[in-house]
Amino acid sequence: MNIVVFGKNGQLAQSLRNQANLDANYVSSAEVDFMKPSRVSEFLNDISPELIINCSAYTNVVAAENDEESAHKINVESVGKISEFCNLNNAHFIHISTELVFDGEKKQPYTEDDPTNPLNVYGKTKMLGEQMVVNNCSKYAILRTSWLYSHYGENFLMKIFNAVLKGDQIYGVNDRFGNPTSAFELARIISKLVEKISKGENIEGVFHCSGSEVSSRYNFVKMICEVMKEKGLISSYKIEESVSNLISDGVTRPENATFDCNKITTLFDLRDKTLKNCIEEVIDYLV
Ligand SMILES: NC(=O)c1ccc[n+]([C@@H]2O[C@H](COP(=O)([O-])OP(=O)(O)OC[C@H]3O[C@@H](n4cnc5c(N)ncnc54)[C@H](OP(=O)(O)O)[C@@H]3O)[C@@H](O)[C@H]2O)c1
């Protein structure tokens, strides 16, 4: 199957290539810049893929607040161009979205049918991107994930890992909850999805796809430190427990945006790894 993966050097695409061993044409922003949406159409028309996996996104939630135009080009307009291509060429589209399409008002885990109501610019552009896919494509899967981590790049786990090694003061807020998700595990699920699609199945719809354990930021930080200690990287650690309005970066985020993932786990008969096991697998690459 002729597969294109956008976002070549991002953590999810790297996990697809290296941890899920997905054979595909990996494309970076240097080759196709989503800031020029017409370039996306040009590229796709040239190479005619049968399946597109979009791991590209404007992911800097803080910067997006003052740069909505760029976030819109990358997260909405370019996604619209991919959707149009898929529609016209009967191609499949796997698109990745986020828990930040929700406002966090719901006290139980969000299901795929819950209404979206993003609180920040990034979340708004990701929601509009989803709408582009749903309105233009027939053969699509939107995978909403959350708190993605790996040993690639600048994600939350890597920030904590490097700060702990440097001996910086570590803070963890205890009033924000989510499902931390290993990019390796998400990549493996995408690879299973690709297998089904290549056997002729059409898997259509929105799927919540995150790690199984709900965690506060504080608990996530603690788990990272605990694994680092067990692996002999540090001898002790100290985390300052805090609340989010004391460590604010100016972006409004949902307090509780946890996922009900029953739809995807039933589809694939998935057995979940624990959060600790997933963190261990990532940190093993850093030891
Ligand atoms: N990180 C999270 O916590 C999180 C949570 C929920 C959902 N998500 C979603 O999961 C997906 C994967 O995220 P990630 O964490 O792997 O992101 P990431 O590591 O930040 O990678 C995003 C990639 O997007 C590509 N990109 C950025 N600007 C571009 C442009 N102008 N043109 C074309 N490509 C561009 C870049 O690819 P190149 O470097 O190859 O140029 C970049 O590496 C995204 O859809 C994101 O919204 C992430």
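Ser 48, which follows α2, has a positive phi, near 45 degrees; helices here are DSSP runs of H or I with at least four residues, strands are runs of E with at least two, and both are numbered from the N terminus. This is a predicted model, in which local features need pLDDT of at least 70 and side-chain atom pairs count only at pLDDT 80 or more, whereas totals for chains, interfaces and linings use all residues. Residues are numbered from 1 along each chain as its sequence is written.

| Part of α2 | Residues |
|---|---|
| Buried | Pro 37, Val 40 and Leu 44 |
| Exposed, on the face turned away from the buried side | Ser 38, Glu 42, Asn 45 and Asp 46 |

In α2 (residues 37–47), Pro 37, Val 40 and Leu 44 are buried. Seen down the axis of α2, the buried residues fall within an arc of 45 degrees, so they line one face of the helix, the arc being that of the directions from the helix axis to the C-beta atoms.

The ligand is surrounded by 26 residues, the closest being Asn 9, Gly 10, Ser 28, Ser 29 and Phe 34, with a residue counted if its C-beta atom, placed from the backbone, lies within 6 Å. The elements giving two or more residues to this shell are α1 (11–18) and β4 (92–98).

Terms used: Buried ≥ 20, exposed ≤ 12 C-beta atoms within 10 Å, placed from the backbone.
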